[in-house]
Amino acid sequence: MARPVTMFTGQWADMKLDDMAKTMKGFGFDGLELACWGDHFEVDRAVTEDDYCDKKREQLDKYDLGCWSISTHLCGQAVCDIIDERHKAILPESVWGDGDPAGVNDRAAEAVKNAARAAQKFGVPVVNGFTGSSIWHLLYSFPPVPPKMIDDGFKLFADRWNPIMDVFGECGIKFGLEVHPTEIAFDIYSAEKALDAIGHREEFGFNFDPSHLLWQGIDPVEFIRYFPDRIYHVHIKDAITTLNGRTGILGSHIDFGDHRRGWNFRSPGHGGVNFEEIIRALNDIQYTGPLSIEWEDSGMDRLHGAEESCEFVRSIDFAPSDVAFDSAFDKEKQ
């Protein structure tokens, strides 16, 4: 049975959910991965209003769309980050408050806990998101970074996220960290260190997104094979590197979409990700969840890209074989 093809609504929060749902159904999607911003999925209302989740389901049912996950990337980012003026632009007023950094961290943590409670009430098994990181700015080791500073960053992550994961455990919900630069885990080894820090607790796993690995020079398939029991959700997103002797892998402080950048996100099938090998690896680990398109391509009209992406993902998905091709040569089985 084919995996459901969904669209992550985070980059479409300027559209009302009803318009978004109608549009994506017309493009052939099976469902939506609802972002916890805009009017797509409001966590505070979900946990305080008795009929909010039922009405949200009715809104999706109207277009025969499913939902298998919600996503709390923005509030999750503020749990471990060193808070500054950038966060005000992405956080709800209830989390930003007076902007006091410690208060923002605490309120963001409570918002992520509520996302687990809302997911339980809404009937979805996974909440995707970010963790933030207090040590991302230490990526390059000059001035020299003592190992203790890195260890302290992972300890802070564990201190702040273990209480959150306690709530996820109580609710029976999984958290899928989108392994991503600026998060506590951004590649294979930092993801392994994050799992170690949090005690490999079952609630904490990964929202696999190949685009963020590709431009770092990491084979996305190796990530799947390294963490076969921790892939809780999958994003389909592409990226391309364009290193021509002038461009740099760190992006040169140039905005996305500019041809001078050393890499950019692309609509699925228009970049460098080998999606066939990813599907084969997902089959090997028996992943049966959604293939959720996170559409980001500054050089393409998004409506064109969304419709094309849905067709592309259906074309690359296939089930594993249930028979060995050479069994036909076995006379005893004939």
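The model described here is predicted. Asparagine 264 belongs to strand 9, which covers residues 263-266. A polar atom of the asparagine 264 side chain is 2.7 Å from the backbone nitrogen of glycine 257. Leaving aside residues up to four places away in sequence, asparagine 264 touches Ala239, Ile240, Phe256, Gly257 and Asp258.

Rolling a probe the size of a water molecule over the atoms shows where empty space is left. The second largest pocket holds about 360 Å³ of space. Its lining consists of 20 residues, and those closest to the centre are Cys36, Asp44, Cys75, Pro92 and Ser94. Which helices each supply at least two residues of this lining? They are helix 2 (43-48), helix 4 (73-80), helix 6 (93-96) and helix 7 (101-122). Helix 7 gives the largest share, 4 residues. Sorted by class, the lining has 11 nonpolar, 4 polar and 5 charged residues.

### Aromatic pairs

A pair of aromatic rings is described by the distance of the centres and the angle of the planes. The structure holds 20 aromatic pairs. One of them joins phenylalanine 8 and tryptophan 37 in an edge-to-face arrangement. Phenylalanine 8 counts as buried because its relative accessibility is 1%, and tryptophan 37 is buried with a relative accessible area of 18%.

Phenylalanine 168 and phenylalanine 175 form another pair, whose planes lie at 85°, so the pair is edge-to-face. Phenylalanine 168 is buried at 0% relative accessibility, and phenylalanine 175 is buried with a relative accessible area of 0%.

The table gives the geometry of the two pairs.

| Pair | Centre to centre | Angle between planes |
|---|---|---|
| Phenylalanine 8 and tryptophan 37 | 6.1 Å | 90° |
| Phenylalanine 168 and phenylalanine 175 | 5.8 Å | 85° |

Phe168 and Phe175 also belong to one aromatic cluster, whose other members are Phe157, Trp161, Tyr189, Phe204, Phe206, Phe208, Phe223, Tyr226 and Phe227.

Terms used
Residues numbered from 1 in each chain as written. Predicted model: local features only at pLDDT ≥ 70, side-chain atom pairs only at ≥ 80, totals over all residues. Heavy atoms only, no water. Polar contact = N/O pair within 3.5 Å; in protein donor to acceptor, adjacent residues only side chain to side chain. Contact = heavy atoms within 4.5 Å. 1 Å grid on protein atoms, 1.4 Å probe; cavity = no way out; pocket = protein on both sides within 12 Å on 5 of 7 lines; lining within 4 Å. Points joined across faces, edges and corners; volume = space filled by probe spheres on them. Nonpolar A, V, L, I, M, F, W, Y, C, P; charged D, E, K, R; others polar. Phe/Tyr/Trp six-rings, centres within 6.5 Å; stacked < 30°, edge-to-face > 60°. Buried < 20%, exposed > 50% of the residue type's maximum accessible area, 1.4 Å probe, protein only.
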